[in-house]
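Open your viewer and get your selection tool ready.

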2 protein chains.
Amino acid sequence: MALVVTKFGGSSVGSTERIMNVARRLVARKEAGDSVVAVLSAMGDVTDELVSLAAAISDDPPEREMDMLLATGEQVSIALLAMAIHALGHDAVSFTGAQVGIVTDPTHTKAKITEVRADRVREALAQGKIVIAAGFQGMTPDGTITTLGRGGSDTTAVAIAAGVDADVCEIFTDVDGVYSADPRICPAARKIDVISYDEMLEMAASGAGVLQLRSVEFARSHGVVIHCRSSFNDRLGTIVKEADDTMEQAIISGVTHDTSEAKITIRDVPDQPGVAADVFTRMAEANVNVDMIIQNVSEDGTTDISFTSPKTDLPRARPAVEAVVRDLGARDSSIDESIAKVSLVGAGMKTHPGVAAQMFRCLAEAGVNIDMISTSSIRISCVVEGDKVEAAVRALHTSFGLDSDAVIAEVAPGWGEE
Amino acid sequence: MALVVTKFGGSSVGSTERIMNVARRLVARKEAGDSVVAVLSAMGDVTDELVSLAAAISDDPPEREMDMLLATGEQVSIALLAMAIHALGHDAVSFTGAQVGIVTDPTHTKAKITEVRADRVREALAQGKIVIAAGFQGMTPDGTITTLGRGGSDTTAVAIAAGVDADVCEIFTDVDGVYSADPRICPAARKIDVISYDEMLEMAASGAGVLQLRSVEFARSHGVVIHCRSSFNDRLGTIVKEADDTMEQAIISGVTHDTSEAKITIRDVPDQPGVAADVFTRMAEANVNVDMIIQNVSEDGTTDISFTSPKTDLPRARPAVEAVVRDLGARDSSIDESIAKVSLVGAGMKTHPGVAAQMFRCLAEAGVNIDMISTSSIRISCVVEGDKVEAAVRALHTSFGLDSDAVIAEVAPGWGEE
């Protein structure tokens, strides 16, 4: 007799047949005695199709209207799933983001949840109904439709789980859980059974695509236990929760990698106080996200500044960097899109000082050059050449004893989905 | 400086190009100084596609969830039109049926509007915005999404026009207005410039497809002036309003026809008191709509009862009629699907007693046999053989002096749309 919030992504509800499968799973849970809330994304490619419609009308559609448009995607999914559950002889009721009480700020296309008014969900559960809620969307206090942006459906599920004080928030996805590395490039990767919020946050931030950063942050701040599992089988996946003594004390939980960033270098900037502040103020003004930063001081009174940014920010970064070069009297700038980042994440490294040294030695032995380094208390990240990153992941995975005994027989079809 | 509510049907917004055309029209109105509210249907075949999705899941989906599903259709249209208007440099805001304040009873799939809370529309108009509202949908007082059923978008437009006290409610459609007969079968038909609510109601009820009965009823009871016009040109269409002395005093306004009904006959029913009540109580219980009724008493103490019903009701009518034959001891029953109904509508017939006689004589001279007759104070309808109905319409149109001087050059592409 548990109260369970379950989230199914777009590929899990990508066709009417798959929606029937989801309905059967939910009915089985209900018949086993659980109270069930399901949070859905839009079907398969529906969101992309809606974006194309908008693009045919405007290069720069108002974000309020994009949210009005995109919110229809989940509304279709929830209605169909409720019909499917009725067809199986059980009672279900669907709610849009607004109806389910997801209140947000008015930041269209990436709204933040400010409140969850879960009365309606609680009422429907008390009536014995399976509740189906639209993920990804909410409304402002004055009733305007908003969307939560990337990872929004996961965040909706965690928020509703917090709102109804659920026992667990299950995130169904197309992989078996969180892996110690991306199984597509590291066949020896093993599924992690339990992981702490902090480690999961570092893994999500450094490239693990299974769970979205925002949903894990929301879960941590509201104490929601997440169970990340496959929608294609009934095996246990990965539990994400507060660290406690029962967790296995691995030094390293996983190796992640990220090929979505580029490295920008500005050479021979006059080395004066405030120059770095100047550069990164301009990047922020150009709405360019910056991840890692290094600054090398040379002997002639100039300095080189390098930083990494998402490749998707480059159209805004290029003119901003050119302006910096011109205005600060630097020599020139360059952008390297062929880099990648490899990271080690593990709570155990706080108490094991040799981890960084072992990481650098392992990479050197594998012939991988390190370009930039950044660390947190439970993560070490290195920027390396893009074509070496897969070898780097495999070498680190083996070096830190993460390889499973057997190569996993069945590689999941993808590596996470919205 | 008028306040105008305009409604565009599914084919008027059937593609992104057509949505851009609608946007240009609205912007021109706005630039001419009018305040503008646009009410939209779903794009082209979107509603049919959503119905197919539901049919793939369930033979009998819950109506609440059908409404949740179908309401997405208009939500897509309104968002895209708002984007199109922004792309033209004007300010627009879209509202769902719930947001625009269309409050309904909870009769899902055919809800009735109980209240229009137009504050949000008035506010947005006061801010100089073009307001885009989703037709066809509303919400119950507790916030559940409903749809209004067939003709719902027209009704939404009229309801909002009543709510904001608009000068006129324009219904854009794919024909130039209301014609004195269906121009596809009567090339001499002429567009009617002005028509009273009562005549329009009779025409809509007897086969004219341009305006939906419910929207005209709503307009009459709230005194909303309707202008029914083409979305493909700027010509004036047909004004529907309260009868007054300025209207032309034609005896007959139009000739309508309807081929959607079948005639059901039950023969040799014992002629006892209450037998007709019994038959039609059973039809009502089987949810069979009945239009015209005739009963002939024969000399041997039995009677024949004939009535017309929509062909779409036949699956329910057949077993109900068979039960009546068995239970009342009638001889047998028959169903004739090849009939049609032709009607004359005109407020002038109240004061011109010879209209019926002229109609019957005209049909006789055209070789059209009359099977059943029914009348109201401003309408006479005859059931005739289906393959004679087009000839009947043309003969009556000529006989009552309705033919235009010239055959209309450009026949509109269809005869009304949702």
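At what angle do helix α3 of chain A and helix α3 of chain B pack? Keep in mind that this is a predicted model, then select residues 63-87 in chain A and residues 63-87 in chain B. The two helices pack at an angle of about 165 degrees, and their axes are 8 Å apart. Angles over 145 degrees count as roughly antiparallel, so α3(A) and α3(B) are roughly antiparallel to each other. Their crossing is left-handed.

Now show the side chains between this pair. On the chain A helix, the residues that meet α3(B) include A:Met68, A:Leu69, A:Thr72, A:Val76 and A:Met83. From the chain B helix, B:Met68, B:Leu69, B:Thr72, B:Val76 and B:Met83 are among the residues that meet α3(A).

Next, two stops for backbone angles in chain A. Most residues other than glycine have a negative phi.

- **Select A:Thr109.** Look in the loop between β4 (102-104) and β5 (113-116) of chain A. A:Thr109 is not a glycine, yet its phi is positive, about 75 degrees. This residue counts as partly exposed because it has 15 C-beta neighbours inside 10 Å.
- **Select A:Phe136.** Move to the loop between β6 (130-134) and β7 (137-139) of chain A. Is A:Phe136 buried or exposed? With 29 other C-beta atoms within 10 Å, A:Phe136 is buried.

Key: Residues are numbered from 1 along each chain as its sequence is written. Chains are lettered from A and ligands numbered from 1 in the order in which they are written. This is a predicted model: local features need pLDDT of at least 70, side-chain atom pairs count only at pLDDT 80 or more; totals for chains, interfaces and linings use all residues. Axes are lines fitted to C-alpha atoms, for helices over the stretch in contact, and angles run from 0 to 180 degrees between N-to-C directions. Helices (H or I, at least four residues) and strands (E, at least two) are DSSP runs, numbered from the N terminus. Angles under 35 degrees count as roughly parallel, over 145 as roughly antiparallel, 65 to 115 as roughly perpendicular and the rest as oblique. A crossing is left-handed if the near helix is turned anticlockwise from the far one by less than a right angle, and right-handed if clockwise. Two residues are in contact if their C-beta atoms, placed from the backbone, lie within 7 Å. A residue is buried if 20 or more other C-beta atoms lie within 10 Å of its own, exposed if 12 or fewer, and partly exposed in between; C-beta atoms are placed from the backbone.
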